[in-house]
Amino acid sequence: MDWSRSETLALAMHHCTHCRGSGLRLNRKQMLTPCNCVLRGIFRACYRRFVTCATQERFISRVGLEPHAGHKRPLSWGRKDEEYIADFCLVSRRHLDESEYRLFRYHFLLGADWKLCCRRLGIPRGQFFHAVYRIEQKLGRIFRELEPYALYPLNEYFSGASRAQAAHALTPKRHGPSALPEYLRFPAVAKIA
Ligand SMILES: [Zn+2]
């Protein structure tokens with residue numbers, strides 16, 4: 001996917017020394033790539049939503065009707081909060097290696113602080129925070145670029161409108177004059193010599 005400045009600008013940190021608040025920077029191949037501050041911002045937004053979904057009272061979660069791009073059944077029933085919790089955990093499990101996932105599980109899923117994680121994993125404080133940053137950046141990118149349904153933007157995930165539908169809705173429909181009904185067509189004008 002292509003990252004645009006309009007998307008990264010709101011997520012970038014204003015005092016970031018790498019992107020200077022724009023959210024984009026050039027990589028080694030001289031191509032524009034999202035800055036790490038943007039990727040961490042995406043992960044933290046997704047993580048905040050995960051904590052909200054996982055800790056809310058059970059009765060708050062609702063069954064909802066979701067539109068999707070299927071041509072046979074355009075709507076289906078689902079429990080979006082539970083789906084999000086499962087997606088967040090499964091996508092993280094799939095894309096992190098063994099050591100990263102152990103830290104992710106202790107710190108993000110079980111809520112252990114850095115002292116407890118360092119003692120449990122046998123790593124110094126600096127190494128712990130470097131690993132946390134690396135995990136946040138890795139998952140932030142995956143949550144945004146995941147196909148066909150990305151976890152971020154969260155409003156698109158929770159509103160249920162798929163990107164395919166949105167793109168279809170934005171595509172201008174091309175109708176020739178023959179597609180118009182008879183009463184809307186202009187009368188043919190005779191050529192004047
Ligand atoms: Zn930055």
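Trainee: Where is Pro 153 found?

Mentor: Pro 153 is in the loop between α6 and α7. This is a predicted model, in which local features need pLDDT of at least 70, side-chain atom pairs count only at pLDDT 80 or more, and totals for chains, interfaces and linings use all residues. Residues are numbered from 1 along each chain as its sequence is written.

Trainee: What kind of peptide bond joins Tyr 152 and Pro 153?

Mentor: A cis one, with omega about 5 degrees. The bond from Glu 147 to Pro 148 is also cis, with omega near 5 degrees. Pro 148 sits in the loop between α6 and α7 (154-159). Most peptide bonds are trans.

Trainee: Back up a bit. How many helices and strands does the chain have?

Mentor: There are 8 helices and 4 strands. Both are DSSP runs numbered from the N terminus: helices are H or I with at least four residues, strands are E with at least two. From the N terminus, the order is α-β-β-α-β-β-α-α-α-α-α-α.

Trainee: And how much of the chain counts as buried?

Mentor: Of its 193 residues, 19%. Buried means 20 or more other C-beta atoms within 10 Å of the residue's own, exposed means 12 or fewer, and partly exposed is in between, with C-beta atoms placed from the backbone.

Trainee: Which residues have the most contacts inside the largest nonpolar core?

Mentor: Val 38, Ile 42, Cys 46, Phe 143 and Leu 151, in a core of 25 residues. Such a core is a set of buried Ala, Val, Leu, Ile, Met, Phe, Trp, Tyr and Cys residues joined through C-beta atoms within 7 Å. α2 (36-55), α3 (80-95), α4 (98-109) and α6 (125-145) each supply at least two of its residues. α2 gives the most, with 7 residues.

Trainee: What is Val 38 in contact with, leaving aside neighbours within four places in sequence?

Mentor: Thr 8, Leu 11, Ala 12 and Gly 23. Contact here means that the C-beta atoms, placed from the backbone, lie within 7 Å.

Trainee: Next, helix packing. How do the axes of α4 and α6 cross?

Mentor: At roughly 95 degrees, and the axes come within 10 Å. Axes are lines fitted to C-alpha atoms, for helices over the stretch in contact, and angles run from 0 to 180 degrees between N-to-C directions. The two helices are therefore roughly perpendicular. Angles of 65 to 115 degrees get that label, those under 35 are roughly parallel, those over 145 roughly antiparallel, and the rest oblique.

Trainee: Which residues meet there?

Mentor: Glu 100, Leu 103, Phe 104 and His 107 in α4 meet Ala 131, Val 132 and Ile 135 in α6.

Trainee: What about α3 and α6?

Mentor: Their axes come within 11 Å and cross at roughly 120 degrees, so α3 and α6 are oblique to each other. Val 91, Ser 92 and His 95 of α3 make the contact with Lys 138, Leu 139 and Ile 142 of α6.

Trainee: Last topic, backbone angles. What is phi of Gln 30?

Mentor: Near 60 degrees, a positive value in a residue other than glycine. Gln 30 is in the loop between β1 and β2 (32-34). Arg 20, also not a glycine, has a positive phi of about 55 degrees. Arg 20 lies in the loop between α1 (5-8) and β1.

Trainee: Is Gln 30 buried or exposed?

Mentor: Exposed, because there are 6 other C-beta atoms within 10 Å. Arg 20 has 14 C-beta neighbours inside 10 Å, so Arg 20 counts as partly exposed.

Methods
Contact = placed C-beta atoms within 7 Å.
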